[in-house]
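Here is a short tour of charges and strands, written to be read with the model open beside you.

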Amino acid sequence: MSLQMVTVSNNIALIQPGFSLMNFDGQVFFFGQKGWPKRSCPTGVFHFDIKQNHLKLKPANFSKDSCYLPPLRYPATCTYKGSLESEKQQYIIHGGKTPNNELSDKIYVMSIACKNNKKVTFRCTEKDLVGDVPEGRYGHSIDVVYSRGKSMGVLFGGRSYMPSTQRTTEKWNSVADCLPHVFLVDFEFGCATSYILPELQDGLSFHVSIARNDTIYILGGHSLANNIRPANLYRLRVDLPLGSPAVNCTVLPGGISVSSAILTQTNNDEFVIVGGYQLENQKRMVCNIVSLEDNDIDIHEMETPDWTPDIKHSKIWFGSNMGNGTVFLGIPGDNKQAISEAFYFYMLKCSEDDMNEDHKIFTNSQTSTEDPGDSTPFEDSEEFCFSAEANSFDGDDEFDTYNEDDEEDESVTGYWITCCPTCDVDINTWVPFYSTELNKPAMIYCSHGDGHWVHAQCMNLAESTLIHLSEGSSKYYCNEHVEIARALHTPRRALSLQKPPMKSLHKKGPGKVLTPAKKSFLRRLFD
């Protein structure tokens with residue numbers, strides 16, 4: 001095992017407890033920033049690019065047919081293999097906390113829409129559920145089991161807000177353990193079914209789960225009601241015949257007492273448990289090897305890495321699994337220094353990357369320590385709070401300009417410029433104004449001179465007008481140049497009034513006679 005410190009070059013304030021890492025074909029992506037996404041990365045998903053122990057966050061794109069994915073902290077995530085080639089690897093995301101401290105009950109599926117050189121475009125879809133729909137929660141687990149040629153999602157544990165009938169103004173954000181029910185979720189048809197198993201008596205959160213074929217192992221976790229971390233080890237087996245599924249649970253010996261641990265896979269049948277807590281304010285510095293052979297599971301301690309003094313003396317730590325036997329860890333910065341980062345980060349490599357991709361077992365755990373937020377005092381290390389908020393991007397951040405080498409150059413399009421003296425589109429606070437916008441403010445092209453771009457918001461254009469302009473090929477002008485544009489048009493030639501022929505004056509209508517006085521008057525009028 002090797003431990004190396006990692007420096008972060010940009011947007012370091014986004015990386016706080018509760019984030020998740022997703023590994024797509026060896027590329028790692030960051031999800032779950034604290035705070036709503038900024039204009040420079042509306043998707044809230046970043047490429048986690050580490051080179052020579054130097055981390056750079058690069059915004060990732062979503063396809064146009066993607067749904068909106070809010071930044072969720074402490075969700076349950078797992079990998080899922082679909083039946084199609086395009087669905088070779090997907091990530092399932094359920095639950096989690098939004099920046100408004102609301103709990104999500106939605107299920108999202110993330111997959112790669114296209115991959116071009118270094119640039120990856122994701123597709124995110126939301127799955128609608130019917131039946132016994134799990135309530136919004138966080139700190140739980142979701143896994144996928146495979147049996148008889150079919151697959152099914154298994155959801156367990158977590159914490160949720162107290163029922164509305166029990167919530168008061170003073171304890172509006174108080175949370176409680178979810179009921180110890182096991183939910184089976186059919187991702188194809190969107191059906192959810194709840195199962196009550198007598199072996200599961202307590203609701204557990206921030207536990208570790210390992211899925212293999214039709215079996216899931218659940219170990220550790222924290223019971224908020226009893227404030228304990230029981231050393232239990234459960235084995236869930238799911239049978240998927242043609243009829244109704246069958247779920248059974250077995251209590252096994254040899255469990256460990258730990259919560260908020262990080263699980264990473266080192267080879268086909270071996271995993272490593274890193275981090276976590278054994279008491280409310282005591283980190284668990286011991287690492288464990290989990291071996292799976294046939295239907296047996298073995299857990300034993302292993303040699304720990306050479307922890308740095310900062311890690312040893314820190315009261316909390318958090319992190320996530322990067323895949324391929326590597327764990328990303330974070331600890332709070334030293335507040336005694338005049339200039340200090342909110343957190344320092346390390347990368348722990350537990351093994352070499354020599355696993356066979358075809359035989360990988362997908363692992364899941366609640367990969368970050370419990371939320372240091374304001375939900376419940378002394379909630380499994382939540383007493384250690386930090387004031388650092390990820391509510392702003394560094395103004396000098398080179399990444400916020402979107403001028404990375406592997407990103408398209410926006411300097412020509414002018415999306416991030418001040419388009420006019422009254423332009424109020426702020427690079428750091430811009431949010432979609434029109435429903436037609438995805439991740440850039442809508443603009444029109446002023447044809448005056450060499451041409452320039454102007455934000456549709458600054459032009460006070462209605463969305464219907466914006467759509468109309470985008471459909472045509474005519475030239476358009478901004479508010480400052482619209483008068484000039486009018487002067488460029490040649491005025492239409494006015495038609496001169498033609499005199500009627502004089503012979504018509506002498507033409508008599510039926511029953512009418514022009515008197516000499518009328519003839520004289522008409523001659524004077526037209527002459």
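Which residues form a negative surface patch? The patch is made up of Glu293, Asp294, Asp296 and Asp298. Patches take residues with over 30% relative accessible area and no salt bridge, with like charges joined within 9 Å. Asp298 belongs to strand S27 (residues 296–302) and is partly exposed, at 41% relative accessibility.

A word on the source: this is a predicted model, in which local features need pLDDT of at least 70 and side-chain atom pairs count only at pLDDT 80 or more, while totals for chains, interfaces and linings use all residues. Residues are numbered from 1 along each chain as its sequence is written, and side-chain values use heavy atoms, leaving out hydrogens and water.

**Salt bridges**

The whole structure holds six salt bridges, each being a side-chain nitrogen of Lys or Arg within 4 Å of a carboxyl oxygen of Asp or Glu. Among them are these:

| Pair | N to O distance |
|---|---|
| Asp49 and Lys51 | 3.9 Å |
| Lys58 and Asp49 | 3.3 Å |
| Lys106 and Glu126 | 3.3 Å |

For the accessibility labels, buried means under 20% relative accessible area, exposed over 50%, and partly exposed in between (1.4 Å probe, protein chains only). Asp49 is buried at 12%, and Lys58 is buried at 9%. Lys51, in turn, is partly exposed at 48%.

Elsewhere, salt bridges with shared partners link Asp49, Lys51 and Lys58 into one network.

Strands here are DSSP runs (E, at least two residues), numbered from the N terminus. Strand S3 (residues 27–31) is mostly covered, with five of its five residues buried. Gln27, Phe29 and Phe31 point one way from S3, Val28 and Phe30 point the other way, and all are buried. In a regular strand, side chains alternate between the two faces of the sheet.

Two strands pair if DSSP finds at least two bridges between them. S3 pairs with strand S2 (residues 20–24) in the antiparallel sense over five bridges, and Gln27 is the bridge partner of Phe24. S2 and S3 form a hairpin with two residues between them, and Asp25 in the turn has a positive phi of about 55 degrees.

S3 also pairs with strand S4 (residues 45–51), again antiparallel, over three bridges. There, Phe29 stands opposite His47.

Key
Patches are made of residues with over 30% relative accessible area and no salt bridge: like charges are joined within 9 Å, nonpolar side chains (Val, Leu, Ile, Met, Phe, Trp, Tyr) within 5 Å. Accessible areas come from the Shrake-Rupley method with a 1.4 Å probe; for residues, only the protein chains shown count as cover. Lys and Arg count as positive and Asp and Glu as negative; His and the chain ends are not counted. The place of a charge is taken as NZ of Lys, CZ of Arg, CG of Asp or CD of Glu. Helices (H or I, at least four residues) and strands (E, at least two) are DSSP runs, numbered from the N terminus.
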